[in-house]
Amino acid sequence: MGEMLDRMLRGELYLADDPEIESWWDAVATKVEAYNAPGLAQAERDVLLRDLLAEVGVGVVVRPRFLVEYGQVRIGDGTFINFDCVMLDVAPVTIGARCWIATRVQFLTATHPIDLGPRSAGWEYAKPIALGDDVWLGGGVIVCPGVTIGAGSVIGAGAVVTKDVPAGVVAAGNPARVLREIGDADRVDVPEL
C-alpha cells in the first residue's frame with residue numbers, strides 16, 4: 001500500500017490525486033454505474049450492492065441513484081435508503097439496523113484543512129460517520145464528518161448535522177440541534193391487519 005492511500009485510511013492528511021487512490025475510485029465508480037443502470041431487478045441490485053460495499057445486512061434496500069466513492073460503507077439489517085443518496089466515504093460510514101434514510105441524504109466524511117496553504121495544495125482528510133440502529137434521517141439531511149447519531153433518533157428534513165446527536169431524540173435545523181427527547185407522546189397505535 002502506498003503512502004497516500006495508507007494516510008487516507010488512517011484519517012490523516014493525504015493527497016487525493018495519488019494514482020493508487022484514483023485507481024480504487026475508478027474501480028468503485030464502475031460498480032456504481034452498474035448498480036444505477038436502469039431496468040435491473042432488485043435481486044440483481046442486491047448482488048451488486050454486496051460487491052460494492054464493505055457490509056450489507058439482510059433485507060437492505062438502496063434505491064438508485066446511489067453514489068459512493070470507495071465502498072467503505074456498512075449497512076445493518078432491514079435498512080432502507082431512498083433515491084439520490086450520496087456517500088463521500090473517504091472514511092467509513094456505518095449505518096445501523098432498521099434505519100430509514102430519506103431522499104437526497106448526504107454522508108460527507110471528507111473534509112479539508114481550514115488553513116489555506118495546505119488546502120490550496122490539495123491536502124484533505126476524513127472522519128468516520130456512524131448511525132445507531134433505528135435512526136430516521138429526513139429528506140435532504142447532510143451528515144458532516146465525524147458525526148455519530150444515536151440509536152432511535154430522528155433528524156428533521158434539511159438538517160445539517162455538524163455535531164453528535166444522542167440516542168432517542170428529535171433534532172433539526174442548520175446546524176442541527178436537539179429539539180426534544182422522543183417519549184410517550186410520540187407513541188401511535190398500529191392497526192391490526
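Analyst: Start with burial: a residue is buried under 20% relative accessible area, exposed over 50%, and partly exposed in between, using a 1.4 Å probe and protein chains only. This is a predicted model, where local features need pLDDT of at least 70, side-chain atom pairs count only at pLDDT 80 or more, and totals for chains, interfaces and linings use all residues. Residues are numbered from 1 along each chain as its sequence is written, and side-chain values use heavy atoms, with hydrogens and water left out.

User: Is alanine 151 buried, exposed or partly exposed?

Analyst: Alanine 151 has a relative accessible area of 39%, so it is partly exposed. Its place is the loop between strand 16 (148–149) and strand 17 (154–155). Strands (E, at least two residues) and helices (H or I, at least four) are DSSP runs, numbered from the N terminus.

User: Which residues is alanine 151 in contact with, leaving aside its neighbours within four places in sequence?

Analyst: Contact means heavy atoms within 4.5 Å. With those neighbours left aside, alanine 151 touches Gly132, Asp133, Val135, Ala167 and Gly168. Aspartate 133 is 18 residues from alanine 151 in sequence, but the C-alpha atoms of the two are 4.8 Å apart.

User: How does asparagine 82 count, as buried or exposed?

Analyst: Asparagine 82 counts as buried because its relative accessibility is 18%. The residue is in the loop between strand 6 (80–81) and strand 7 (85–88). Beyond four places in sequence, its contacts are Arg63, Ile101, Ala102 and Thr103.

User: At what angle do helix 2 and helix 3 pack?

Analyst: Axes are lines fitted to C-alpha atoms, for helices over the stretch in contact, and angles between N-to-C directions run from 0 to 180 degrees. Angles under 35 degrees count as roughly parallel, over 145 as roughly antiparallel, 65 to 115 as roughly perpendicular, and the rest as oblique. Helix 2 (residues 19–35) packs on helix 3 (residues 42–52) at about 165 degrees, with the axes 10 Å apart. Helix 2 is therefore roughly antiparallel to helix 3.

User: Which residues in helix 2 and helix 3 meet?

Analyst: Val28, Lys31, Val32, Ala34 and Tyr35 in helix 2 meet Arg45, Leu48, Leu49, Asp51 and Leu52 in helix 3.

User: Which residues of helix 3 are buried?

Analyst: Arg45, Leu49 and Leu52 are buried in helix 3. Down the helix axis they fall within an arc of 60 degrees, so they line one face; the arc is that of the directions from the axis to the C-beta atoms. The face turned away from this buried side carries Ala43 and Val47, both exposed.
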